Amino acid sequence: MAAPSPFMFMGILRTLSPIALKRILLTERIPLSTCSRVGYQHLRTRLPSNYTFCTVASQSDKTSDAIDTTEMTSRYKDRPWEYFESEAYAERYGSKPLWSDYRRNHKGSIPPQKTRKTCIRGDKICGNPCPICRDPNIVIHYKNVKLLQQFVSPHTGIVYDPTRTGVCMKQQKQLNQAIQTARDHGLLPFQVPYVEFTGEDYSNSHDAVGHTRPPPSMTSGDPWYPWYGTLQPDESEVARVKKLYKNYLK
């Protein structure tokens with residue numbers, strides 16, 4: 001097969017835009033000797049200073065986008081668990097937890113030891129909000145079981161630390177309350193430790209119960225201690241105590 005001629009090459013270059021042609025020359029590093037004068041003039045053509053490749057969106061498009069966002073947020077506000085079954089959630093997060101791909105921006109190579117207090121202060125949102133604050137469709141609710149299960153270990157039942165998930169302290173506090181409420185309502189399982197009981201714990205035949213002798217007072221009428229019957233109190237001491245508690249004795 002014959003190699004393409006320079007004329008065929010320049011014909012292809014004329015059909016491209018100046019920006020695409022410049023990118024091809026810089027990427028492939030084509031020597032300038034292979035381009036003819038016509039190709040240079042096509043590359044050197046300058047666009048007007050007021051020319052732009054972006055199109056200005058009309059006011060109707062902006063209004064429609066705002067209405068769609070408001071409708072979506074208001075729809076999931078009353079029933080937030082429906083968002084996790086929608087196509088928008090599956091397209092954005094897939095089958096992974098919503099915090100799996102989150103990385104917080106920080107200075108230096110050592111990450112901070114605890115997350116920020118909150119991501120939203122008034123009308124201002126920080127530059128890198130936490131996984132819950134960055135998505136307005138996520139609402140913490142004790143019935144939103146699919147959200148709460150992503151922050152609880154399936155093996156131990158312990159809530160993940162916010163340093164692992166990246167959730168801010170404000171949202172973490174709401175998560176803990178929602179998880180506790182969901183467990184109280186039976187929506188999330190409890191991890192009860194297993195204790196193995198033996199028959200000796202419920203029997204009365206072991207040494208502490210079964211072989212203890214009954215007290216002598218219950219058999220012969222004698223007191224429990226043998227010296228208690230022969231003990232005589234001091235008469236003067238008894239008189240002093242009676243005089244001291246005379247008003248309280250009947």
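Is Q149 buried, partly exposed or exposed? Q149 is partly exposed, because its relative accessible area is 46%, and the cut-offs are under 20% for buried, over 50% for exposed and in between for partly exposed (1.4 Å probe, protein chains only). Welcome to a short tour of some residues in this structure. This is a predicted model, in which local features need pLDDT of at least 70 and side-chain atom pairs count only at pLDDT 80 or more, while totals for chains, interfaces and linings use all residues. Residues are numbered from 1 along each chain as its sequence is written, and side-chain values use heavy atoms, with hydrogens and water left out.

**Around Q149**

- You will find Q149 in helix α6, which covers residues 145–149; helices are DSSP runs of H or I with at least four residues, strands are runs of E with at least two, and both are numbered from the N terminus.
- P97 lies 52 residues from Q149 along the chain, and the C-alpha atoms of the two are 9.3 Å apart.

**Aromatic rings**

- Rings of Phe, Tyr and Trp (its six-membered ring) pair if their centres lie within 6.5 Å; planes under 30 degrees apart count as stacked, over 60 as edge-to-face and the rest as tilted.
- By this rule there are 6 aromatic pairs.
- One of them joins Y83 and Y89 in an edge-to-face arrangement, with 5.6 Å from centre to centre and 75° between the planes.
- Y83 counts as buried because its relative accessibility is 2%, and Y89 is buried too, with a relative accessible area of 5%.
- Y89 also pairs with Y93, and this pair is tilted: the centres are 4.9 Å apart and the planes make an angle of 40°.
- Y89 and Y93 are about one helical turn apart, because they are separated by 4 residues in helix α5 (residues 87–93).
- A single aromatic cluster is formed by Y76, Y83, F84, Y89 and Y93.

- S153 belongs to the loop between α6 and α7 (162–165).
- With 12% relative accessibility, S153 counts as buried.
- The side chains of S153 and T156 make a polar contact at 3.3 Å (a pair of N or O atoms within 3.5 Å; within protein, one must be able to donate a hydrogen and the other to accept it, and residues adjacent in sequence count only if both atoms are side-chain atoms).
- Leaving aside residues up to four places away in sequence, S153 touches I158 and Y160, where contact means heavy atoms within 4.5 Å.

**A charge over a ring**

- The ring of Y160 has the charged end of R164 sitting over it, 4.3 Å from the ring centre; this requires NZ of Lys or CZ of Arg within 6 Å of the ring centre and within 35 degrees of the ring normal.
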